[in-house]
Amino acid sequence: MEQPLENIMVDPMLAEMGRNLNDAMKILENGQKEVEQDSGQRRLSWRDFPGPLQGEGLDVASILQLVQNLMQEDEDKQGHRRMQYVGDQGHMALLGHSLAAYISVLDRDRLRKLTTRILSDTTLWLCRLFRYENGSAYYHEDDREGLVKVCRLVINAQYEEYSTEGFTVLSSKQPVIYQSAACRPGLGQHLCSQLGLPLSSLCTVPCNTMFGSQHQIDVALLDKLIKDDVDTGKVPLLLIANAGTPGAGHTDKLSRLKELCVQYNIWLHVEGVNLAMLALGHVSSPVMAATKSDSMTLTLGPWLGLPAVPAVTLYRHEDPALSLAAGLTSSQPVEKLRSLPLWLSLQYLGHDGIVERIKTATQLSQQLLEHLKTLASIKTSVEDELNSPVVVFRFSQDTSAASSGGSVEGYFPGEKEVLDALNRWLGEQLAQLVPSSGVDVVELEEEGTCVRFNPLMTAAVLGTQESDIKALVEKLTDMVPLLSSTLRFRHDFREEVYHHHALTYIEDLSWPGLGVIRYEPRCEQDDDDSKRKQDVEKINNDLLKKLKELDADICFSTGPEFATETNCIYVGLATEDLDVAELLETIAASGRDLEENGKLLENMTEVVRKGILEAELQLLKANEEKLMEEGVLRQIPLVGSVLNWFSPTQTSIKGQTFSLVAGSLDTTESTYSMKTQTGATPDTPTSTAKRLPGQKLFRRSAAGSDTYSETSSVGQVEEVPRDATPLPPASEEGVTEPPQEELASSDPSSPEIQHQEELASSDPSPPEIQRQPDGQESEEVDTMR
């Protein structure tokens with residue numbers, strides 16, 4: 001049970017330091033929670049901007065408030081999430097930095113004794129914990145610094161005159177440093193830069209290509225390279241091997257490499273995340289071989305969730321003078337205080353707590369691996385399914401599982417690039433939707449773009465739980481059908497674009513979606529390139545806005561920020577029931593509408609203006625002709641009506657319409673010819689694909705929907721009453737033919753027809769006069785007379 005500092009006999013200064021640290025952490029954590037609850041509403045003060053040092057000092061609360069504001073500034077701009085999880089062991093590590101500053105002011109004798117005890121305890125604990133017998137430790141902030149110091153140690157051991165002659169000794173016999181091709185990028189270059197060696201001293205050994213893991217160093221090829229260097233007079237110096245490669249987490253054949261290093265007197269240095277497995281009770285033999293190496297680097301901070309703790313390089317060497325010359329040991333007591341945060345944290349966690357954290361991380365990997373095996377189209381890449389702490393998986397389309405909705409044949413050109421783009425999108429989405437899982441995107445030479453789950457580096461820091469693994473699998477299960485459908489429909493989408501002359505297909509294999517298109521409007525011959533580019537940019541921007549307003553599951557965007565193609569429409573992921581033909585038909589039709597509307601507005605500026613002037617002249621001319629034909633009396637309102645009643649005139653003036661699109665005058669003969677039909681109006685084209693209630697655009701109707709529509713129509717016919725007369729079919733002219741019974745009763749000698757004529761002749765009301773075109777009024781008036 002933890003006891004408060006007040007109940008323990010502790011130096012008042014140390015007790016106050018612990019309380020101040022706890023208070024400071026509470027202030028920063030509470031401020032972080034307030035930002036999450038009220039993000040975007042914090043106002044900047046004058047303290048948020050750089051300025052001169054104030055004359056009066058600030059209290060602790062004001063300084064912590066300034067630190068909090070500076071920490072939140074990047075979150076407001078970039079939308080970063082909350083700080084990484086810092087538990088009690090994290091507070092202990094932070095307390096170590098405060099204690100190091102406090103201890104450094106002690107007198108020299110007390111400081112030397114205290115630092116020696118802290119350093120020896122920490123080194124002993126780590127060597128026993130990770131099974132590294134008779135080892136020494138070097139603590140460093142940069143995880144590459146330990147390798148630099150070790151390489152200096154090896155140079156001093158191989159070249160006896162290096163301490164006096166310097167680089168001139170190296171020029172006669174050039175040293176060679178070997179590294180695997182799967183090592184961290186830039187590690188060898190950094191090593192040569194810090195040691196002052198040319199890049200020709202670095203030899204990168206390829207990985208296996210025929211047998212074994214493709215992420216392991218090729219031992220046979222390494223043996224050949226070493227022999228060649230020895231024959232040419234070079235000095236093999238050091239070999240960098242991996243116990244868990246940075247990408248896939250595979251372990252080199254360390255036992256075989258150790259044999260080669262002993263044979264050629266080469267220093268073997270091992271690094272990697274799998275070294276954490278040495279703390280467990282059961283360790284696989286490939287990882288156990290790392291305990292026989294000459295040195296290895298441990299990154300305990302991410303493994304145990306300890307912030308701001310140094311990395312540790314464990315090494316074995318018998319000459320303390322050379323270790324001192326290489327910088328692995330120091331006579332300065334302050335340098336030894338680097339291990340103080342680890343000394344405190346290791347004691348706080350204890351041996352069981354350290355093992356439990358590493359064991360929990362490996363169990364999370366096994367849980368995710370078991371779930372991934374049940375998912376179709378997900379391919380995993382792990383070295384050992386029983387013990388590997390790193391899980392790498394990738395979406396890979398199974399061509400045998402292609403459905404009838406899409407085509408896979410003919411898609412293989414560029415398939416790898418498309419799969420890389422889809423997996424990159426998959427990893428980014430999973431990291432965004434389940435941030436506590438700690439998944440990231442990794443680029444592997446053979447597999448391509450993959451998603452990596454490395455809980456040893458993230459679980460303790462992010463607080464990953466089993467529920468996060470379940471949430472990750474659920475999101476992945478929802479995304480796999482989208483990726484499969486998109487990969488199947490990409491070929492159909494490209495082929496369908498070619499059927500629309502106004503659409504252009506843009507090849508972009510890095511886009512995780514159906515594809516990229518551009519609407520090309522019709523251009524005039526006299527249009528220059530700048531005018532054409534402006535038209536293309538405007539119509540594609542308007543078309544994109546219009547497509548975004550549609551009620552559809554598919555997304556439309558302008559593409560990535562640094563896309564090479566401009567003025568394009570990037571079509572996103574597709575669902576399983578996507579109708580590609582309807583999608584592109586809608587895009588093309590929308591583009592045509594925007595193009596016609598745009599031309600309408602352009603014509604209104606010049607062409608329509610001229611047409612209006614011409615229409616005014618035609619109207620004046622028509623009025624003059626009407627005046628000449630009808631006379632002046634017919635233009636008087638009351639007199640003209642009486643004259644037109646008794647003596648109608650047949651005018652020769654034809655009606656005209658003005659087209660805003662073409663900017664010209666047209667005759668109305670076609671309009672009146674359609675009006676003379678028996679009330680029939682031209683059929684408007686309607687879409688054959690009718691949507692069900694709640695169905696979104698571009699979705700194919702299920703097979704059951706067609707059956708339902710047919711059965712429903714049959715049901716409606718059966719509901720018609722028996723005594724009702726069915727409607728006859730229409731003729732080709734649009735006129736309905738009467739039934740045979742009516743034709744038989746249309747004889748003028750029949751009594752019914754004679755009775756109707758008598759009723760019509762006895763009606764005293766005057767007939768209704770309708771204005772008919774082309775002189776039909778005069779014929780009716782003559783008949784009435």
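Which residue of β3 is the bridge partner of Tyr178? The partner is Cys203, and this pair belongs to one of the two open sheets described below. The structure is a predicted model, in which local features need pLDDT of at least 70 and side-chain atom pairs count only at pLDDT 80 or more, whereas totals for chains, interfaces and linings use all residues. Residues are numbered from 1 along each chain as its sequence is written, and side-chain values use heavy atoms, with hydrogens and water left out.

**The chain as a whole**

- The chain contains 27 helices and 17 strands; helices (H or I, at least four residues) and strands (E, at least two) are DSSP runs, numbered from the N terminus.
- Of the 785 residues in the chain, 39% are buried, where buried means under 20% relative accessible area, exposed over 50%, and partly exposed in between (1.4 Å probe, protein chains only).
- The chain exposes about 46,100 Å², of which carbon and sulfur atoms supply 53%; the areas come from the Shrake-Rupley method with a 1.4 Å probe, and for residues only the protein chains shown count as cover.
- Among contacts (heavy atoms within 4.5 Å) with a separation of 6 or more, 69% join residues 24 or more positions apart.

- Seven strands form an open sheet in the order β1-β7-β6-β5-β4-β2-β3, and their pairing is mixed; two strands pair if DSSP finds at least two bridges between them.
- The edges are held by β1 (136-140) and β3 (202-205), each of which has a single partner strand, so one side of each is left without a neighbour in the sheet.
- From one strand to the next, the twist averages 20°.
- At 1.5 Å a residue, the 14 residues of α5 (residues 145-158) should span 20 Å, and the end C-alpha atoms are 20 Å apart, which agrees; the expected span is 1.5 Å times one less than the number of residues.
- Ten of the 14 residues of α5 are buried, so that the helix is mostly covered; among them are Gly146, Leu147, Lys149, Cys151 and Asn156.

- A second open sheet has four strands in the order β12-β13-β15-β14, with antiparallel pairing.
- Its edge strands are β12 and β14 (556-557), each with a single partner strand, so one side of each lacks a neighbour in the sheet.
- β14 and strand β15 (residues 569-571) pair in the antiparallel sense over two bridges, with Ser557 opposite Tyr570 in β15.
- Helix α18 (residues 466-497) lies across β12, β13 (515-519) and β15, and runs at about 140° to β12.
- Helix α19 (residues 529-548) lies across β13, β14 and β15, at about 125° to β13.
- Leu503 lies in strand β12 (residues 503-506) and counts as buried because its relative accessibility is 7%.
- Apart from residues up to four places away in sequence, Leu503 touches Val497, Arg518, Tyr519, Leu584, Ile587 and Ala588.
- Leu487, in helix α18, counts as buried at 4% relative accessibility.

- The axes of helix α4 (residues 108-129) and helix α15 (residues 340-373) come within 10 Å and cross at roughly 35°.
- Residues making this contact include Ile118, Trp125 and Leu129 of α4, and Leu340, Trp343 and His351 of α15.
- Helix α17 (residues 455-462) is mostly covered, with six of its eight residues buried: Pro455, Leu456, Thr458, Ala459, Ala460 and Val461.
- The cover over these buried residues includes α12 (300-304), α15 and β11 (448-453).
- Just after α17, Gly463 takes a positive phi of about 70°.

Terms used
Axes fitted to C-alpha atoms, helices over the stretch in contact; angles between N-to-C directions.
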